[in-house]
Amino acid sequence: MAKTSVAISVLELANQKSIIKQIARAVDPIQETLNQLSLVLISDQTRNQLQTVTQQISDRYDQARLLLSLALASPEFALT
């Protein structure tokens, strides 16, 4: 039951337009994503994945949605 509740909360967070807008408009969308989730330390592998996304997707809002989704699925977020 608890895992279902967390999954629903994560989905709700990923769909919040205000957070997506802040990430999309940020000078550094990766850092803004991490700030929104209070992730201070992340692995090099996670950071590399997030950087790859920003290089492959040109639309800032699509980029923000995917960055947020990946950060929410990261091992670092799972440990918070």
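Select helices H2 and H5 in this predicted model: H2 passes H5 in a right-handed crossing. The two helices pack at an angle of about 115°, and their axes lie 8 Å apart. H2 is therefore roughly perpendicular to H5, since angles of 65 to 115 degrees count as such.

Next, show the side chains at this contact. From H2, pick Ile19, Ile20, Lys21, Ile23, Ala24 and Arg25. From H5, pick Arg60, Tyr61, Ala64, Arg65, Leu67 and Leu68. Sorted by class, the contact of H2 with H5 holds eight nonpolar and four charged residues, with no polar ones.

Stay on H2, residues 17-25, and look along its axis. Which residues of H2 are buried? They are Ile19, Ile20, Ile23 and Ala24. These four cover an arc of only 130° around the axis, so they sit on the same side of H2. An α-helix has 3.6 residues a turn, so residues three or four places apart point the same way. Now turn to the face of H2 directed away from its buried side, where Lys17 and Arg25 are exposed.

Move on to helix H3, residues 29-36. Select Pro29, Ile30, Thr33 and Leu34, which are buried. Their arc around the axis is only 140°, which puts them on the same side of H3.

Finish after the end of H3. Serine 38 follows this helix, and its phi is positive, near 55°.

Notes: Residues numbered from 1 in each chain as written. Predicted model: local features only at pLDDT ≥ 70, side-chain atom pairs only at ≥ 80, totals over all residues. Heavy atoms only, no water. Buried < 20%, exposed > 50% of the residue type's maximum accessible area, 1.4 Å probe, protein only. Arc of directions from axis to C-beta. Contact = heavy atoms within 4.5 Å. Axes fitted to C-alpha atoms, helices over the stretch in contact; angles between N-to-C directions. Parallel < 35°, antiparallel > 145°, perpendicular 65-115°, else oblique. Left-handed = near helix turned anticlockwise from the far one by under 90°. Nonpolar A, V, L, I, M, F, W, Y, C, P; charged D, E, K, R; others polar.
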